[in-house]
Amino acid sequence: QPVLGVLGGGQLARMLAIAGAPLGVQSLVVDSSSDACAGQVAPLVVADWHDHAALGEFAAKVDVVTFDFENVPADTAHWLAERVSVFPNPRALAAAQDRLAEKTLFRECGLATPEFVPVDTRADLDRALAVTGAPAILKTRRLGYDGKGQFRLRSADDADAAWAALGAQAAAHGLILEAFVPFERELSVLAVRGRDGEFRTWPLTRNWHTDGVLSLSLAPAPDIDALQPRAAALARTLAERLDYVGVFALELFVKDGELLGNEMAPRVHNSGHWTIEGAHTSQFENHVRAVLGLPLGDTGARGASLMFNWIGELPDPAPLLRTVDGHWHDYGKRARPGRKVGHATVCAPDASTLLERAEALAQVIGWEQPVAAVREAVGI
Ligand code: ATP
Ligand code: MG
Ligand code: MG
């Protein structure tokens, strides 16, 4: 039985382990916390990223190592790669960990980005604002997620407030100022590349964020006939440039009908959770297949799907469980404000049936945001 090693024990590791089981794949997960939620479904090694004794033992037990957590230190990824196969490779991981390297790479691959300028000092911020104009977003180059480590500037008058919020992190992580894009839509493309270079994408997903956190995904995104081949070609160029193996997500803004690259996640991604029930092969299964060198599965959608994140705490699942083709995912995490604790996916043969199912849920559990989003996206 092949053994998959996963660095990080959150819900992504948990769903990878669950997807691996029918393939006969055992998972072994590393996390610094003994109550990491993947530990409920797979054996857990409790260790930090520089515990070479524990990581050495872990490496000896697994056939391949992959990531649930994209901010595993680069030196840890390199150290492991000297002992065991690591996919995606540490170079790809490093490119995705630094917003400056990532956006530079996007441009080299022909993917336009919002205007950006690196910022290391308070004076840099003024110079950068002159380039991007306002509004703009100041972000830490490293370690940000779920909109953390970001400050939105409405005008140049907000520069002092932005520096007060993030200036202290300039030395350790570096900062980047980006022009704020008044996008028409936010999309992501989930892609997978096998060890042999075989490449596939799932249909583009439309995403909605609330306070910088993904709240809702609709797939396939409506009106993507022109965008799908462009997004797929860009994702392929990126993957080949990085010699990437596994699943990744490319987050995109659509502005004036053109694609702009926001960031890439070098792992399975929240906007791909709908693929568990809504696609012929889920992102989790295809990631396991890819990193173990198995043939990839069909990435086509079965119909239309709507994924909704539960942040902070979970409601009563009964109404969702009663919904036709409604699916519930409880990550087994303790409730905490701002924390992703679970998600729900509703699938349907087509978008109008999906809207009916979301409307029925709105009556019982207040699914106003999903209903409004699907209605706007589909134009019904
Ligand atoms: P994730 O949890 O996806 O890793 P993150 O913390 O890395 O998020 P981003 O993806 O950079 O953050 O930003 C979060 C969200 O904020 C984006 O999905 C988008 O909705 C909005 N956003 C970020 N950058 C810009 C921008 N330059 N213009 C407009 N909106 C933006
Ligand atoms: Mg991110
Ligand atoms: Mg993002």
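Reader: What radius of gyration does the protein chain have, next to that of a compact globule with 380 residues?

Author: This is a predicted model, and its C-alpha atoms fill a box of roughly 55 × 55 × 40 Å along the principal axes. With 380 residues, a compact globule would have a radius of gyration near 21 Å. The protein chain agrees with that, because its own value is 20 Å.

Reader: How many helices and strands does the protein chain have, and what share of its residues count as buried?

Author: Happy to count them: the protein chain has 14 helices and 18 strands. Among contacts with a separation of 6 or more, 61% join residues 24 or more positions apart. Of the 380 residues, the share that count as buried is 47%.

Reader: How are helix 13 and helix 14 oriented to each other?

Author: Helix 13 (residues 351–365) and helix 14 (residues 368–378) pack with their axes 8 Å apart, at an angle of about 160°. Angles over 145 degrees count as roughly antiparallel. Helix 13 is therefore, relative to helix 14, roughly antiparallel.

Reader: Which kinds of residue make the contact of helix 13 with helix 14?

Author: The crossing here is left-handed. On the helix 13 side the contact includes L354, L355 and E359, which meet residues of helix 14 including V371, V374 and R375. By kind, the residues of this contact divide into nine nonpolar, no polar and three charged.

Reader: Is helix 6 parallel, antiparallel or oblique to helix 7?

Author: Helix 6 (residues 122–132) and helix 7 (residues 159–166) have axes 11 Å apart and pack at an angle of about 135°. Their crossing is right-handed. The contact is made by R122, L125, D126 and L129 of helix 6 with A159, A162 and W163 of helix 7. As for orientation, the two helices are therefore oblique.

Reader: Is V131 buried or exposed?

Author: V131 sits in helix 6 and touches E115 and V117, leaving aside residues up to four places away in sequence. Its C-alpha atom is separated by 9.5 Å from that of L177, 46 residues apart along the chain. Because V131 has 12 C-beta neighbours inside 10 Å, it counts as exposed.

Reader: Are D146 and D325 buried, partly exposed or exposed?

Author: D146 is in the loop between strand 7 (136–140) and strand 8 (150–153), and its phi is positive, near 50°. D325, in the loop between helix 12 (318–322) and strand 17 (326–330), has a positive phi of about 55° although it is not a glycine. D146 has 16 C-beta neighbours inside 10 Å, while D325 has 17 other C-beta atoms within 10 Å. With such counts, D146 is partly exposed, and D325 is also partly exposed.

Note on methods. Residues numbered from 1 in each chain as written. Chains lettered and ligands numbered in written order. Predicted model: local features only at pLDDT ≥ 70, side-chain atom pairs only at ≥ 80, totals over all residues. Axes fitted to C-alpha atoms, helices over the stretch in contact; angles between N-to-C directions. Helix = DSSP H or I, 4+ residues; strand = E, 2+ residues; numbered from the N terminus. Parallel < 35°, antiparallel > 145°, perpendicular 65-115°, else oblique. Left-handed = near helix turned anticlockwise from the far one by under 90°. Contact = placed C-beta atoms within 7 Å. Rg over C-alpha atoms; globule rule 2.2 N^0.38 Å. Buried ≥ 20, exposed ≤ 12 C-beta atoms within 10 Å, placed from the backbone. Nonpolar A, V, L, I, M, F, W, Y, C, P; charged D, E, K, R; others polar.
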